[in-house]
Amino acid sequence: MSHFEQADAAASADRDLPTNSEVLMGDAATPDHSAEPPRSPRDFRWGAATAAFQIEGATSADGRGESIWDVFTRTPGRVLEGTTAEVAADSYRRYGDDVALLATLGVDDYRFSIAWPRVQPTGAGPANEPGLAYYDRLVDALLAEGIAPVPTLYHWDLPQPLEAAGGWLNRDTAARFADYAALVVDRLGDRVARWITLNEPAMTTLQGYALGTQAPGHALMMGALPTAHHQLLAHGLAVAAIRARGSAEVGITNNHTLVVPATDAPGDRLAAGAFDLVYNRIFAGPVLTGAYPDLSAFGLDAMPGLADGDLELIGAPLDFYGVNFYNPTRVAAASDGSEFATAGLPFEPVEFEGVPTTGFGWPIVPAAFTELLVSLDRDYGERLPPIVITENGASFPDEVVDGAVHDERRTAYLAEHIDAVRAAIELGVDVRGYYLWSLLDNFEWAEGYTQRFGLVHVDFESGERVPKDSFEWYRELIARERVARNQENGAA
Ligand code: FCB
């Protein structure tokens with residue numbers, strides 16, 4: 001049985017879930033989400049995630065410096081509709097409302113990010129006290145509600161002065177990051193039990209430096225590779241700084257996609273392998289095994305920028321491995337004359353046929369999530385620490401009608417993907433938590449405000465928050481899980 005088939009079998013064992021092949025063929029019936037799903041392990045943690053630049057606004061408040069995203073959003077043509085994040089969801093001022101929403105939701109954990117330019121406006125030097133004080137207040141407000149704060153130290157908002165000095169192309173940025181991490185951990189480490197170093201270094205390398213579709217907007221193609229190494233080095237140095245302070249758990253968040261060859265033709269399979277390398281393996285391999293995968297597909301015999309001792313830092317054991325998953329990717333050999341072939345890339349993403357999509361146009365294939373988790377477990381074995389799903393969710397064009405948002409498609413996406421995680425657990429993958437993206441509608445990077453991912457609708461003019469139907473669905477799911485968990489703990 002292939003892993004796909006095993007995943008399918010586990011997912012539909014006692015419920016009527018669609019199989020992967022049915023989903024890929026586009027003829028799956030809508031599953032019934034009212035049925036009682038199987039329970040998650042006793043210590044499983046439920047959460048919601050956000051990121052500083054996407055929700056905070058107040059971009060010049062309290063001495064915050066400028067980040068690469070402030071500059072990028074101001075550059076004409078970079079962000080859809082030319083919007084900026086100067087106000088965004090206004091969470092810097094309304095964080096109390098957002099903590100109250102989290103309390104109503106009943107989450108165990110809240111994953112948010114700390115804006116480096118609030119803490120170090122120039123990316124170096126002593127802490128900017130008012131900036132750190134904001135996160136101090138946020139952490140205390142969460143703890144007062146019994147919610148564990150799970151901060152990400154870097155979710156893409158590099159201080160602009162560091163970009164002026166070469167950004168992630170410059171090895172020194174890794175050392176700057178470790179200094180910044182130390183300032184934050186010194187301040188919050190007495191109350192934070194779980195740290196995430198970086199969010200999705202693959203996207204910074206691929207979109208930020210290779211293609212230029214995200215900040216800082218460089219189109220260097222394979223010339224972007226050193227940014228992968230410097231980010232991973234930053235992660236390794238930060239892990240050492242966090243450990244030196246005795247602070248509890250630490251992990252990284254990588255985004256993963258399941259790469260599916262467009263056909264069985266050797267050219268498509270090779271292309272899929274190369275895509276898997278740049279998207280998944282270059283970022284997971286060194287962190288989980290202390291070594292880069294073979295890069296000869298790109299004519300390289302070593303990772304550019306690699307120095308003695310780097311891999312020991314990068315591969316230091318972690319307490320958990322954060323996985324962001326949204327969709328699988330279908331990959332073909334780059335067709336002659338395509339922009340990919342012209343750029344010297346061997347692959348080209350192509351659309352799945354007959355598969356439902358989110359508002360973003362991303363294919364919805366929940367069984368691919370199970371398969372991805374099973375393949376991480378298979379590929380990294382003993383070296384893989386427990387997994388925490390640090391992001392998963394979907395955007396749809398929601399509207400408030402009579403004070404309510406009926407977002408059935410989001411609820412269906414979430415239910416199917418949570419079931420896919422459960423199927424992976426049943427197959428033996430150690431997954432300890434699920435953080436949904438996102439608590440709030442927010443500034444979706446180069447898409448501006450056109451993609452709404454929130455459980456809570458945000459009116460970006462007034463700041464008003466309206467919980468969507470999916471919020472109530474997730475609240476009930478967590479409440480059911482908690483009752484079961486308490487019963488088991490009581491019985492234990
Ligand atoms: C991820 C990002 C997150 C959000 C989601 C939709 O790649 O980490 O900030 O934009 O995608």
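Predicted model: local features only at pLDDT ≥ 70, side-chain atom pairs only at ≥ 80, totals over all residues.
**Exercise 1. Follow the bridges from E2 through E3 and E4 to E5.**

Step 1. Strand E2 (residues 109–113) and strand E3 (residues 148–154) run parallel and are joined by five bridges. Ser 113 stands opposite Thr 152 in E3.

Step 2. E3 and E4 also run parallel, with two bridges between them. Here Thr 152 has Ile 196 of E4 as its bridge partner.

Step 3. Four bridges link E4 to strand E5 (residues 249–256) in the parallel sense. Trp 195 is partnered by Val 250 in E5.

**Exercise 2. Why is strand E4 described as largely enclosed?**

Buried means under 20% relative accessible area, exposed over 50%, and partly exposed in between (1.4 Å probe, protein chains only). In E4 (residues 194–199), six of the six residues are buried, so the strand is largely enclosed by the rest of the structure.

**Exercise 3. Which residues touch the most other members of the largest nonpolar core?**

Step 1. A nonpolar core is a set of buried Ala, Val, Leu, Ile, Met, Phe, Trp, Tyr and Cys residues joined through side-chain atoms within 4.5 Å. The largest one has 149 residues, and Phe 177, Ile 282, Tyr 434 and Tyr 474 touch the most other members. Helix H12 (residues 266–289) gives the largest share of this core, twelve residues.

Step 2. Contact means heavy atoms within 4.5 Å. Beyond its neighbours within four places in sequence, Phe 177 contacts residues including Trp 116, Leu 153, Tyr 154 and Trp 168.

**Exercise 4. Where is Ala 274, and what does it contact?**

Ala 274 is in helix H12. Ala 274 is buried, at a relative accessible area of 7%. Apart from neighbours within four places in sequence, Ala 274 is in contact with Phe 298, Pro 346 and Phe 347. Its C-alpha atom is separated by 9.0 Å from that of Leu 295, 21 residues apart along the chain.

**Exercise 5. Which elements line the second largest cavity?**

Step 1. On a 1 Å grid over the protein atoms alone, a cavity is a set of points where a 1.4 Å probe fits but cannot get out; lining residues have an atom within 4 Å of a point. The structure holds five cavities of 30 Å³ or more. Grid points are joined across faces, edges and corners, and a volume is the space filled by probe spheres set on the points.

Step 2. The second largest cavity has about 80 Å³ of space. Helix H3 (52–55), helix H5 (91–105), E2 and H7 each supply at least two lining residues, and H5 gives the most, with five.

Notes. Residues numbered from 1 in each chain as written. Heavy atoms only, no water. Pairing = 2+ DSSP bridges. 1 Å grid on protein atoms, 1.4 Å probe; cavity = no way out; pocket = protein on both sides within 12 Å on 5 of 7 lines; lining within 4 Å.
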